[in-house]
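I open this notebook to record what I looked up in one structure. The entries run from the whole chain to single residues.

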Amino acid sequence: MFYFVYIIYSETIEKYYTGSCKDFQERLSQHNGGYSRYTKAGIPWILVKLITTQNRTEALQLENKIKKRGAKRFLIDLEKQ
């Protein structure tokens, strides 16, 4: 079963949000529907990066790596590769 790690961005609050899930479209709908306490203030959220992983463990490890590095820095690092 595939899992996704995603980075979304809000122009409203000028912030990135990183998360992981099984169904990305459903999760993005939740973020933009105001169902998430943290992301409610940033509606609308737009997808910046979507990464497919093989399983939940891999997704959580990558999510934590991105959060430690910072989403903006992580994206800059990807562009350099």
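The entries below give the basis of the model, then the chain, then selected places in it.

**Basis.** I note that this is a predicted model, in which local features need pLDDT of at least 70 and side-chain atom pairs count only at pLDDT 80 or more, while totals for chains, interfaces and linings use all residues. Residues are numbered from 1 along each chain as its sequence is written, and side-chain values use heavy atoms, with hydrogens and water left out.

**The chain.** I looked up the secondary structure and found 3 helices and 3 strands; helices (H or I, at least four residues) and strands (E, at least two) are DSSP runs, numbered from the N terminus. Along the sequence their order is β-β-α-β-α-α. The radius of gyration is 12 Å, close to the 12 Å of the globule rule for 81 residues, so the chain is as compact as a globular protein of that length. That radius is taken over C-alpha atoms, and the rule is 2.2 Å times the number of residues to the power 0.38. Along the principal axes, the C-alpha atoms fill a box of roughly 30 × 30 × 15 Å.

Of the 81 residues, 35% are buried; buried means under 20% relative accessible area, exposed over 50%, and partly exposed in between, with a 1.4 Å probe and protein chains only. Among contacts (heavy atoms within 4.5 Å) with a separation of 6 or more, 56% join residues 24 or more positions apart.

**Helix H3.** Which residues of helix H3 are buried? In this helix, residues 71-80, I find Ala 71, Phe 74 and Leu 75 buried. Seen down the axis of H3, the buried residues fall within an arc of 100°, so they line one face of the helix; the arc is that of the directions from the helix axis to the C-beta atoms. Their cover includes strand E1 (3-10), strand E2 (15-21), strand E3 (45-53) and helix H2 (56-69). On the other side of H3, Lys 72 and Lys 80 are exposed.

**His 31.** I located His 31 in helix H1, residues 24-32. Is His 31 buried or exposed? His 31 counts as buried because its relative accessibility is 0%. Leaving aside neighbours within four places in sequence, I list its contacts as Tyr 6, Ile 8, Tyr 17, Ser 36, Thr 39, Ile 43 and Trp 45.

**Ile 43 to Pro 44.** One of these contacts, Ile 43, leads on to a peptide bond that I checked: from Ile 43 to Pro 44 the bond is cis, with omega near 5°. Pro 44 is placed in the loop between H1 and E3.

**Glu 14.** I record a positive phi of about 55° for Glu 14, although this residue is not a glycine. Most residues other than glycine have a negative phi, and most peptide bonds are trans. Glu 14 sits in the loop between E1 and E2 and counts as exposed because its relative accessibility is 61%.

**Leu 47.** I found Leu 47 in strand E3, partly exposed at a relative accessible area of 40%. Not counting residues up to four places away in sequence, Leu 47 touches Tyr 6, Ile 7, Ile 8 and Phe 24. How many residues apart in sequence are Leu 47 and Ser 10? They are 37 residues apart in sequence and 9.2 Å apart in space, C-alpha to C-alpha.
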